[in-house]
Amino acid sequence: MPVFLFVQRLYNLYSMSRKHINKYFQKYHIFSYAAILSVILYACNVTKKVPDGEYLLTKNKFQFVDGKVHADEIEDMVAQKPNKKTLMVLPLGLLFYNAANPKYDTILKEYMTYPSEMRNQKLRDSLFVKYERPEYVGKNLFWNRFFHTVGQAPVIFSDAKTKQSEKSINNRLVNRGYWDSEVKTNVKKDSASKKAEVEYVITHKDPTHIKEYYYHIPDPNIRSLYESRLDKSLVRKGQVLDETVLEKEITRINDLAKEAGYYKFNNDNQDIYFVADSLRSRKDVPVVMNIHKDSLDTPYRKATLGKISVSVVNNINNINRLKIKDSIRGIQISRNNRKYDSISLWRPITIKPGDLYKQSDLDLTRRNLIAMNNFTILKASDELRKNGTPAERDSIIDVEYILKPLPKYEFNIATDVHYSQILNFGFSPSVDLTTRNVFGGAENLITSFSGIVGTTKDPKNPDAFFNAYELSAQASLQFPRLLVPFKNYWKLVPKRYSPTTSLNLGASIQNNIGLGRINFNTSLSYNANVKDGLVQHRLTLFNTQLSLTQNKDRYYEYFPGDNDIRKNIFNLYEASNPGINQNDYSFDEFSALLLGDTAFINNLINSDRNLLYNFMQSIYNKERQTQDVIISSIIYNYTYNEIGKKEYVNPFSFIGKVELAGNFLNLITKKEENYLVYGNTKTIFKIPFSQFIKFDLDFRKYFTFFNDRAKPHTLAIRQFMGIGIPYGNSSEMPFVRSYFNGGAYDIRAWMAFGGLGPADSQLDERVRSYAMDNLKLTTSVEYRVPLTDMFETAIFTDAGNIWGLKDNGFGDQFKFRKFISQMGVGSGFGIRMNIAYVNLRLDMAYKMYDPNRPQGDRWVVDKIKPLKPTINFAIGYPF
């Protein structure tokens, strides 16, 4: 009970606002003392289920006599660790385990060894009888079972495991090159509290270094191959003699040889070995690498591919009874029916008979078969030919793939976390239906229905959380080939590029704080991967999007800042023109009348220029955010990505995008409509279309430090540059293609549409917050430090802003001599939690330099309030 009182007490304190906590403690100090007492009672309770004469292991301590070298690895080598603490505070697992009645422990321990489907009352009753506890028969034991299941049994100190850990640590240090290291242990036992602590005292002493490095390779071809990549060798003179580095070098040589055609190279892991001569010295030793096929130094032979077969079966035992057998360009294709045409089974095979063996080609073919999402690979074998001449048996490889079709239909239900430029946070339940092999060529139709419920910034109700939604339906028809009017496209785009085509069609309806949109989209995309995905190309033809805004007339209801400015200037104009009544006009009509009055505008420029500029920006905001628009474009994406490639220690990534929109529509239409801001604009079905060219360039570089540790540190740098150039039928970029500032993946000290930019404009923040522009620069630097397997921390700095390509009257135009001083700067820190394959991120950022404040007051470091950061919650890394 004291434990639960303590937890409840913490929850009550958390639920209160910070400004009342001190007052709360003063008023209810008796309960505060009770909470402290609960902690003390809890501390005494952790040994509740520790047998007499035994000790609860509460702590492993590490003392490094001569520096923390490989400290992370050393801690991982310990065989016995204390009970885990939740959030590094309390061992809740042990707490729950102790909450279960100890008289049931033996029974429940055996009960949990049974499969979940067998755990029922009947099994419990049988165990009660087995352990001679008939009085328990019929008892459900729900809470005891719950605590026993989620709990963790106390870790009992073991002298044997401590000695085992001592030996493992020493072996690891020797393996790392510290041949003379010493590991000692001190055990502190407290018989009264039944607790034990273990201290590991580690002395590394001086490591052993490589004095000279030589290699002995009798086979001239292998020697030549090794020397051609000698600059990539991981073993060098002067390094610590680290066996893990030698193992990595062996792996590198194996990969190098197998890419050069040597099939069975070092298959038994005995061809490559290192010899260290420690007779003269244990601290500086010469090392020799040897590569020998056998004691006779028989030359290695390159291998070529022989028979290549692909079979489609429902049962691997029926492999010899397939009725249909085809051959395409030397690839043997067998199946029992024609549900899959033979050409669709030939396309993913990137190898052919007579090719020189390359392991990467076999790996690529395997990935292509999996990427088709039509088959399970029952067998993927490559082996030397069993029949034929000795030379054939030593140099010809036969390859076989046996595939089992996946179900025709696959139904999935999921929930995703969602973030966009409007929706700051939300969750998205979805239903997906995959229909495989639609036309017999391994085409897949993926139909998706989803809904998004989330939160967005609502000036009318800033405390509202889930105040936006979106419903969408998407259909994607995916082809494992290029969908082009000619067949032999692989002569231009080789099969090794794994080309695919995607035809997409979708519609969505969304509501954001009262303003809604209806969107329709369709596109045809071609994709190709080069060099094992190192380079990716994506060309999207007739990418078309129709966006229609609902409830346009309610714009000013949901943007009160814009509305206040509108009222001020409307009233001013009405007062200067007594014969005009604004109630006789719509908002847009009255705005057009006002802006067309040259005398009034000139007078306003002289008397209240800021009011005019704020009003003009509010008009731009309204026009952009309520704009109906058609975007018909061609998009090319280029990606170069070293991330995830083991040969790149400090990887680099580049993503480039070019979009060209509206040219075709501009040729086929002449009909024009008049718009308040944009003037005469060509339309289709009275909807304007956008004409622009847009470039996005995203550079990312990652540096790793302390690579000798189990969890290295990472310095991540990102530079983004984007520019959209409207022309022809457009004077401004459309809302969905414009740039904005702020948010969890941008400049984190500002929320999305949080008041940064454009440039160093001094416009009223109420209208400036929703401004978007045509040019964007962002630079981010982040240093990531892993704490545990689950938790990671980071410190970061973001800088950037948006600008216009022309001066809209309030100084937002990009100028080389000024843009550095116009960049907003924010810094902060974050905590990340890795759960399975999901990275949850919480970043807390502070404004350092705000260019939209008056000159001389832009550095705001002295105004930082540590307890009031800009909080960003997101899924995944920011870059």
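Visitor: What makes Lys59, Lys61, Lys85 and Lys188 a patch of positive charge on the surface?

Guide: A patch holds residues with over 30% relative accessible area and no salt bridge, like charges being joined within 9 Å and nonpolar side chains (Val, Leu, Ile, Met, Phe, Trp, Tyr) within 5 Å. Lys and Arg count as positive, Asp and Glu as negative, and His and the chain ends are not counted. Lysine 59 has a relative accessible area of 43%, so this residue passes the limit of over 30%. Lys59, Lys61, Lys85 and Lys188 are therefore described as a patch of positive charge. Lysine 59 itself lies in strand β1, residues 56–64.

Visitor: How do you know where these values come from?

Guide: The model is predicted, so local features need pLDDT of at least 70 and side-chain atom pairs pLDDT 80 or more, whereas totals for chains, interfaces and linings use all residues. Residues are numbered from 1 along each chain as its sequence is written, and side-chain values use heavy atoms, without hydrogens and water.

Visitor: Why is lysine 59 called partly exposed?

Guide: Buried means under 20% relative accessible area, exposed over 50%, and partly exposed in between (1.4 Å probe, protein chains only). Lysine 59 stands at 43%, and is therefore partly exposed. In the chain as a whole, buried residues make up 45% of the 879 residues.

Visitor: Which residues form a nonpolar patch on the surface?

Guide: The members are Leu539, Ile634, Tyr636, Val658, Phe695, Ile725 and Leu805, and together they have about 500 Å² of accessible area. Accessible areas come from the Shrake-Rupley method with a 1.4 Å probe, and for residues only the protein chains shown count as cover. Leucine 805 is at 33% relative accessibility, which means that this residue is partly exposed. Leucine 805 is found in the loop between β27 (791–803) and β28 (824–835).

Visitor: Why do aspartate 242 and arginine 176 count as a salt bridge?

Guide: A salt bridge is a side-chain nitrogen of Lys or Arg within 4 Å of a carboxyl oxygen of Asp or Glu. For aspartate 242 and arginine 176 the N to O distance is 2.5 Å, so the pair meets that limit. Aspartate 242 lies in the loop between α10 (220–228) and α11 (243–259) and arginine 176 in the loop between α9 (159–175) and β2 (182–190), so the pair ties together parts that are 66 residues apart in sequence. Aspartate 242, at 7% relative accessibility, is buried, and arginine 176, at 10%, is buried as well.

Visitor: How many salt bridges does a search of the whole structure find?

Guide: The search finds 44 salt bridges. One of them joins aspartate 862 to lysine 863, with the closest N and O atoms 3.9 Å apart. That distance is within 4 Å, so the pair qualifies. Aspartate 862 has a relative accessible area of 65% and is therefore exposed, while lysine 863, at 39%, is partly exposed.

Visitor: Why is the phi of phenylalanine 542 worth noting?

Guide: Most residues other than glycine have a negative phi, and most peptide bonds are trans. Phenylalanine 542 has a phi near 30°, a positive value in a residue other than glycine. Phenylalanine 542 is found in strand β18, residues 535–550, and its 43% relative accessibility makes this residue partly exposed. Alanine 759 also has a positive phi, of about 50°. Alanine 759 is in the loop between β25 and α21, and its relative accessible area of 0% means that alanine 759 is buried.

Visitor: Which peptide bond is cis?

Guide: The bond from glycine 757 to proline 758 is cis, with omega near -5°. Proline 758 is placed in the loop between β25 (713–726) and α21 (765–768).

Note on methods. Helices (H or I, at least four residues) and strands (E, at least two) are DSSP runs, numbered from the N terminus. The place of a charge is taken as NZ of Lys, CZ of Arg, CG of Asp or CD of Glu.
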